[in-house]
Amino acid sequence: QVQLVESGGGLVQAGGSLRLACAASGRALSSFPMGWFRQSPGKEREFVASISWNGGSTTYADSAKGRFTISRDNAKNTVYLQMNSLKLEDTAVYYCAVPFDSQRGTLSEIHEYGYWGQGTPVTVSS
């Protein structure tokens with residue numbers, strides 16, 4: 001069925017940047033919103049960013065706004081998360097997600113998504 005594979009995570013110094021990618025297979029994502037979430041040890045999974053089907057709308061968590069940028073390339077069936085000015089508290093496993101059904105707008109709640117990637121770890125060091 002639908003598979004989402006994140007990549008681009010790694011070790012980066014505070015203040016640095018990383019660009020995460022999520023490649024989808026099994027179906028085209030051109031009519032689906034996409035989302036990024038993250039989870040650090042001992043914490044619940046939290047929303048980071050979402051983008052509408054055509055990239056016309058984006059939504060960011062307060063912790064991400066101004067530093068992170070979500071984008072997508074439907075021709076490549078891929079969504080990206082550009083992370084700049086990384087902080088120690090950004091350390092987490094980052095997941096991308098897509099809902100079961102096509103729809104308009106952005107989605108920011110975990111229960112609104114159906115398919116999840118395996119996650120890519122991001123570690124920010126001092």
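## Sheet, disulfide and ring contacts

Ser-85 counts as partly exposed, with a relative accessibility of 40% (buried means under 20% relative accessible area, exposed over 50% and partly exposed in between, with a 1.4 Å probe and protein chains only). Ser-85 lies in the loop between E8 and E9, and its phi is positive, at about 50 degrees, although Ser-85 is not a glycine.

The model is predicted, so local features need pLDDT of at least 70 and side-chain atom pairs count only at pLDDT 80 or more, while totals for chains, interfaces and linings use all residues. Residues are numbered from 1 along each chain as its sequence is written, and side-chain values use heavy atoms, with hydrogens and water left out.

**The sheet**

Four strands form an open sheet in the order E1-E3-E8-E7, and their pairing is antiparallel. Strands (E, at least two residues) and helices (H or I, at least four residues) are DSSP runs numbered from the N terminus, and two strands pair if DSSP finds at least two bridges between them. At the edges are strand E1 (3–7) and strand E7 (68–73), each of which pairs on one side only. From one strand to the next, the twist averages 15 degrees (axes are lines fitted to C-alpha atoms, for helices over the stretch in contact, and angles run from 0 to 180 degrees between N-to-C directions).

Strand E8 (residues 78–83) is largely enclosed by the rest of the structure, because five of its six residues are buried.

E7 is joined to E8 by six bridges, and this pair is antiparallel as well. Thr-69, found in strand E7, has Gln-82 of E8 as its bridge partner. With a relative accessible area of 41%, Thr-69 is partly exposed. Apart from neighbours within four places in sequence, Thr-69 is in contact (heavy atoms within 4.5 Å) with Tyr-60, Tyr-80, Leu-81 and Gln-82. The C-alpha atom of Thr-69 is 9.8 Å from that of Ile-51, a residue 18 positions away along the chain.

The hairpin of E7 and E8 has four residues between the strands, and one of its features is Asn-77 with a positive phi near 55 degrees. Asn-77 is in the loop between E7 and E8 and takes this positive phi although it is not a glycine.

**The disulfide**

A disulfide is a covalent bond between the sulfur atoms of two cysteines; here it is taken as a pair of cysteine sulfur atoms within 2.5 Å. The count by this rule is one. The bond joins Cys-22 to Cys-96, with an S to S distance of 1.9 Å. The torsion about the S-S bond is about 50 degrees, so the disulfide is right-handed. Cys-22 belongs to strand E3 and Cys-96 to strand E9 (residues 92–98), so the pair ties together parts that are 74 residues apart in sequence.

**Aromatic rings**

Rings of Phe, Tyr and Trp (its six-membered ring) pair if their centres lie within 6.5 Å; planes under 30 degrees apart count as stacked, over 60 as edge-to-face and the rest as tilted. This rule gives five aromatic pairs. In one of them, the rings of Phe-37 and Phe-47 have centres 5.6 Å apart and planes at 70 degrees, so the pair is edge-to-face. Phe-37 is in strand E4 (residues 34–39) and Phe-47 in strand E5 (residues 46–51), ten residues apart. Ring pairs link Phe-37 and Phe-47 with Tyr-113 and Trp-116 into a cluster.

A charge sits over a ring if NZ of Lys or CZ of Arg is within 6 Å of the ring centre and within 35 degrees of the ring normal. Arg-45 lies over the face of Trp-116, at 4.9 Å from the ring centre. Arg-19 places its charged end over the ring of Tyr-80, 3.9 Å from the centre.

**Burial of residues named above**

| Residue | Relative accessibility | Class |
|---|---|---|
| Cys-22 | 0% | buried |
| Cys-96 | 0% | buried |
| Phe-37 | 0% | buried |
| Phe-47 | 14% | buried |
| Asn-77 | 14% | buried |
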